[in-house]
Amino acid sequence: MKEEIIIAGFGGQGVLSMGKILAYAGLMDNLEVTWMPSYGPEQRGGTANVTVILSDAPISSPVLDTYDTAVVLNQQSLDKFESKVKPGGTLIYDPSGIHHLPSRTDITVIPVDAMGASIELKNSKTYNMILLGALLAARNIVPVDAVLRGLKKTLPERHHHLLPLNEQALHKGMSLVK
Amino acid sequence: MEEEIRLMKGNEAIAHAAIRYGADGYFGYPITPQSEVLETLAELRPWETTGMTVLQAESEVAAINMVYGGAATGKAVMTSSSSPGVSLKQEGISYLAASELPALILNVMRGGPGLGTIQPSQADYFQAVKGGGHGDYHLIVLAPATVQEMTDFVALGFDLAFKYRTPAMILADGIVGQMMEKVVLPPQRPRRTDEEIRQQCPWATTGKGTRKHRNVVTSLELDSALMEKNNERFQETYKRIAENEVRYQEYFTDDAEYLIVAFGSVARICLKAIEDARAAGLKIGMIRPITLWPFPTARIAELGKQVKGILTVELNAGQMIEDVRLAVAGSTPVEHFGRMGGIVPNPNEVIDALKNKLSVNL
Amino acid sequence: MTREEIIRPENKVYGRPELLMPVHTHYCPGCSHGVVHKIIAELLQEMNVADKAVGVAPVGCAVFAYNYIDIDWIEAAHGRAPAVATAASRLNPDALVFTYQGDGDLSAIGTAETIHAANRGENIVIIFINNAIYGMTGGQMAPTTLLGMKTATTPYGRRADLNGYPLAISPILASLDGTCYVTRQAVHTPAAVRKAKAAIKKAFQNAMAKRGTSVVEIVATCNSGWKLTPAQSNDWMVENMFPKYPLGDLKNVEPQQ
């Protein structure tokens, strides 16, 4: 098993931390993982992206040409990464702010209204967990349980009261993918 | 602390590894893309556990001279920086080498020259392996390709530095500094006691104590005849290092018709390209120098006789290629493919370079 | 009286400090360095701290200080002695770490290291020999060179419009929270030597008691660089240096009882 994922959006949308939670879930599931961010000033408001690779074998390049799955959260990222999804791969995007819809037909395209769902949950910080839930529903990479165990391990004790909300967001996201 | 499996950035792993090695001191100055080293150390507060000193210096110049001062007293001390900051440290590194002091220096390279960019680069190869400061000296230069190697090379670097009484450098790049991977952290080693240091480093300026003779750490010798003797001693050390400490990893070299030479995280990008090329039936192999100095000259010379051509892939304009060409001494064509200024090539570009530069038919 | 009758332990009034190495120094006759070295050697012995002492030598005339005082020494790169001392002291809290620096080393190339070590309150002693000139390299202008003073690089006299003003560094160091003791002394008369010795003693005590950074500036002569005889140099120093660099304590934070 090997899954090569790009997550891309604006800085501040939780792109890097979503990748981190996914990578940590992979670790919990005894997979090899790499998490390679775009780094630097981009983190503050510009575009941000992270490549996450999960594999049951040692991982060679952390830098990729193409991806099994892309999660894109703004128009620039969609424009940049739609063409880089492998044929037969998956593209998940949040339609809010997207004017030019994806056009490929050789991949599975899944719109996920994570913005709307986070408003329903009355917490904008659930945004990236909703998307992660959608990703897990679309691509059976790691069990939800591994994500929760990873979260519990990485979140400082003082934030553990947020765990139920995160779990709720994950399931919300999963329910958005039919 | 027991052995532990964690997910972390290369820069964070350096901090954890330094504490667990039992390092005595870290002195650094913030610069992207390696500031996590100092930040992680500050977060972990080793001065409350192992007693390790962590100090944010006023400059890279001060930091390397703190390393010099700490190393002179026999302590296991280190600094880290990125390219522009490492340029500032060169004077101090030359003094460390000339005073035969063990120390560990991490360079998480970014694109230059000048202030350049903060994105990954390998353009400090020459500076690291040819002696970036003044005078005839070498550093032991280790090039990690994974976060695990970032971790492991802290101990290796310190051990080699103390074994040969010479500074060692971990020459990393922004990729391996910034990426997160699974890493096995070694168990905690105790810091050496002052008594152990006095025994193991009889040259250390710890205060004369019960020693019969005083110690002086200096690189100054105005008598040229004696200074030449000093140089001969340094060269003797470098010869022993070159004979005993060459490290490299080979991939698919058994039947290779073409060879890639790449170091650090770029070697992993090349490995992916090789996997793809092999799937298409092409016999490409790779050698990844782990020690950039001493360089795996002998093995590359052997492989040079086996293959039809060699491609070096580097994040620079062609630096390591000079050492590869020296190694093969014209026995096979050696070409270079590189990206500069912080651009990282993807595996397809490496395959294109094989086609275009070595006329490999895909 | 015979020679044997005179040379008896009970008649001894002065001796070479044991810690001064039995070698000729490279200092010019009349230079202040020799007196300051002797004071340090005497104090390290009298205070019984020679075994704990680590000196950090500069680049400048005192570059060979390590050849003259029989303790552990580290020879620092030009100006970096306070950074070197910072680590030596922090990693060896029981050691008595001091730097010995001239005006070029401390107040030109090493200004940053000096100010930041003092501002961190490192438990070190900085001994600062200010003779307003670069002695070792042949008498060039130092930051502390007085206006009008002729040096190899100000052959017509230092001019403020060309070379800036003489830099008084001790008041800057006294203004920092990390320093506990900043004083300016000289060694041109027996009385001054006694005062300078008391000052360096206090500085060493401060370092051993971990009270922060102590700075002892010695306003000094350089008869070779100044192109005067040693006696003329002392007079010239009193007349010209002291008005710009007046002697006395600039800061002395007494220990809390």
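I began with one residue pair: A:Thr34 stands opposite B:Glu181 in β8(B). This is a predicted model, and I read it as such throughout.

**Entry 1. Where A meets B.** I looked up the strands around that pair. β2(A) and β8(B) pair in the antiparallel sense, over two bridges. Next I took the whole contact. I found 18 residues of chain A in contact with 20 residues of chain B. On the chain A side, α1 and β2 each supply at least two residues. β2(A) has the largest share, six residues. I then sorted the chain A side by class: 11 residues are nonpolar, four are polar and three are charged.

Entry 2. Which strands are at the edges?

Inside chain A, I checked one pairing. Strand β1 (residues 2-10) and strand β3 (residues 47-55) of chain A run antiparallel, joined by nine bridges. There A:Ile6 stands opposite A:Thr51 in β3(A).

I also looked for helices on this sheet.

**Entry 3. Where B meets C.** I moved to the other contact of chain B. It takes 35 residues from chain B and 29 residues from chain C. On the chain C side, the elements that give two or more residues are β1 (53-57), β2 (72-75), α3 (81-91) and α5 (111-120). Which element gives the most? It is α3(C), with eight residues. By class, I noted 18 nonpolar, three polar and eight charged residues on the chain C side.

Strands pair here as well. Strand β9 (residues 216-217) of chain B pairs with β2(C) in the parallel sense, over two bridges. B:Val216 stands opposite C:Trp73.

**Entry 4. The sheet through B and C.** Eight strands form an open sheet in the order β9(B)-β2(C)-β1(C)-β3(C)-β4(C)-β8(C)-β7(C)-β9(C), with mixed pairing. Its edge strands are β9 of chain B and β9 (248-252) of chain C.

I picked out one pairing within chain C. Strand β4 (residues 125-130) and strand β8 (residues 213-219) of chain C pair in the parallel sense over six bridges. The bridge partner of C:Val125 in β8(C) is C:Ser214.

**Entry 5. Helices in chain C.** I found α8(C) lying across β3 (96-102), β4, β7 (179-186) and β8 of chain C. α8(C) runs at about 160° to β7(C).

How do α2(C) and α8(C) pack? Helix α2 (residues 32-46) and helix α8 (residues 190-208) of chain C pack at an angle of about 50°, with their axes 10 Å apart. That angle makes α2(C) oblique to α8(C). Their crossing is right-handed. I listed some residues that meet: among them are C:Val35 and C:Leu43 in α2(C), and C:Ile200 and C:Phe204 in α8(C). The contact has eight nonpolar, no polar and two charged residues.

Definitions and conventions: Residues are numbered from 1 along each chain as its sequence is written. Chains are lettered from A and ligands numbered from 1 in the order in which they are written. This is a predicted model: local features need pLDDT of at least 70, side-chain atom pairs count only at pLDDT 80 or more; totals for chains, interfaces and linings use all residues. Two residues are in contact if their C-beta atoms, placed from the backbone, lie within 7 Å. Helices (H or I, at least four residues) and strands (E, at least two) are DSSP runs, numbered from the N terminus. Ala, Val, Leu, Ile, Met, Phe, Trp, Tyr, Cys and Pro count as nonpolar, Asp, Glu, Lys and Arg as charged, and the others, Gly among them, as polar. Two strands pair if DSSP finds at least two bridges between them. Axes are lines fitted to C-alpha atoms, for helices over the stretch in contact, and angles run from 0 to 180 degrees between N-to-C directions. Angles under 35 degrees count as roughly parallel, over 145 as roughly antiparallel, 65 to 115 as roughly perpendicular and the rest as oblique. A crossing is left-handed if the near helix is turned anticlockwise from the far one by less than a right angle, and right-handed if clockwise.
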